[in-house]
Amino acid sequence: KTPLLGRAYQGSYFPASTFKIITALAGLESGKVDANTLYDGAPSYQIGDRVFHNWSKDGEGMINVVDAIKRSCNTWFYQAGLQTGAAAIMGMAERLGFGQATGLPIAGEAKGFVPSDAFYMQRYGHKIHPGILASICIGQVVEASPIQVCQAMCGVADGTNLPKARLVKQVQDFNDNVVQAWSPDVRRRIELQPAARDTVVKGMIAVVNADRGTGHNAQVEGIEVAGKTGT
């Protein structure tokens, strides 16, 4: 009921399971997990005295990162994220543009929020503990605008560069002649490790195209679409 709020760039939300792409890239690039690392995709996973649940009540069995992305398995990402550590995950998030405005030339763009040990020490007197990190790994606690998530996915698609967001592609006159045009611009180089990036993209393709992938609705006939579902 706030129609003048530009949610795409002014809204700040939990990115939810779309953030699992960040967790996966961080784990793969850090070497803490690899394409063959198996974790039990159980319906729940206990950390300390708290039980963290998967979205599905059916167990997935022992699965690797490609299948974990395909099935958006929370419990796989809890384990992979704890193995990877907060620093690597937060570093990957910032590398892909989380926690920073994209730079659109309009007022009020949200920066989002990327937690850190320093923030938690200052605010709560402790570093990011395992329970918080488990939530971060599946896209809770972190906040981002929809355009930041879009920008990050464009960076994954490119692999080398994070693109600069823009509002105008070209200006045309009434006869459809192009008066002025702007080429795509690079915000910064991200240089994702090819093996890590390719593994994640394989999982994202499976999300849309493989049996039991969570994103079947994104299929487009004649085009191989990669994607990631997020609540």
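A pocket here is an open set of grid points with protein on both sides within 12 Å along at least five of seven lines. In this predicted model, the largest pocket comes out at a volume of about 230 Å³. Its lining draws on several stretches of the chain: Gly103, Leu104 and Pro105, then Lys164, Ala165, Arg166, Leu167 and Val168, and finally Trp182, Ser183, Pro184 and Asp185. By residue class, the lining splits into seven nonpolar, two polar and three charged residues.

Two antiparallel strand pairs can be described next. Strand 6 (residues 170-172) runs antiparallel to strand 7 (residues 178-181), and three bridges hold the pairing. Within that pair, glutamine 172 sits opposite valine 178 of strand 7. The two strands make a hairpin with five residues between them, and in the turn aspartate 176 has a positive phi of about 70°. The other pair is strand 2 (44-47) with strand 3 (50-53), again antiparallel, this time with four bridges. Here isoleucine 47 has arginine 50 in strand 3 as its bridge partner. This hairpin leaves two residues between its strands, one of which, glycine 48, takes a positive phi near 65°.

Helix 7 (residues 130-137) is mostly tucked away, with seven of its eight residues buried. Those buried residues are Gly131, Ile132, Leu133, Ala134, Ser135, Ile136 and Cys137. What covers them? After the helix comes glycine 139, with a positive phi near 90°.

Backbone angles give a few more things to look at. Most residues other than glycine have a negative phi. Against that background, valine 141 shows up with a positive phi near 70°. Valine 141 belongs to the loop between helix 7 and helix 8 (146-158), and it counts as partly exposed because its relative accessibility is 22%. Alanine 16 is another non-glycine residue with a positive phi, of about 55°. This alanine is in the loop between helix 1 (7-10) and helix 2. Buried or exposed? At 6% relative accessibility, alanine 16 counts as buried.

That leaves the cysteines. A disulfide is a covalent bond between the sulfur atoms of two cysteines. How many disulfides does a search of the whole structure find? The count is zero. Cysteine 73 is accordingly in no disulfide, and the nearest cysteine sulfur, 13 Å away, belongs to cysteine 137. For cysteine 150, the closest cysteine sulfur is that of cysteine 154, at 4.4 Å. A pair counts as a disulfide when the sulfurs lie within 2.5 Å, so the 4.4 Å between cysteine 150 and cysteine 154 is too far for a bond. Cysteine 150 is partly exposed, at a relative accessible area of 45%.

Methods: Residues numbered from 1 in each chain as written. Predicted model: local features only at pLDDT ≥ 70, side-chain atom pairs only at ≥ 80, totals over all residues. Heavy atoms only, no water. 1 Å grid on protein atoms, 1.4 Å probe; cavity = no way out; pocket = protein on both sides within 12 Å on 5 of 7 lines; lining within 4 Å. Points joined across faces, edges and corners; volume = space filled by probe spheres on them. Nonpolar A, V, L, I, M, F, W, Y, C, P; charged D, E, K, R; others polar. Buried < 20%, exposed > 50% of the residue type's maximum accessible area, 1.4 Å probe, protein only. Pairing = 2+ DSSP bridges. Contact = heavy atoms within 4.5 Å.
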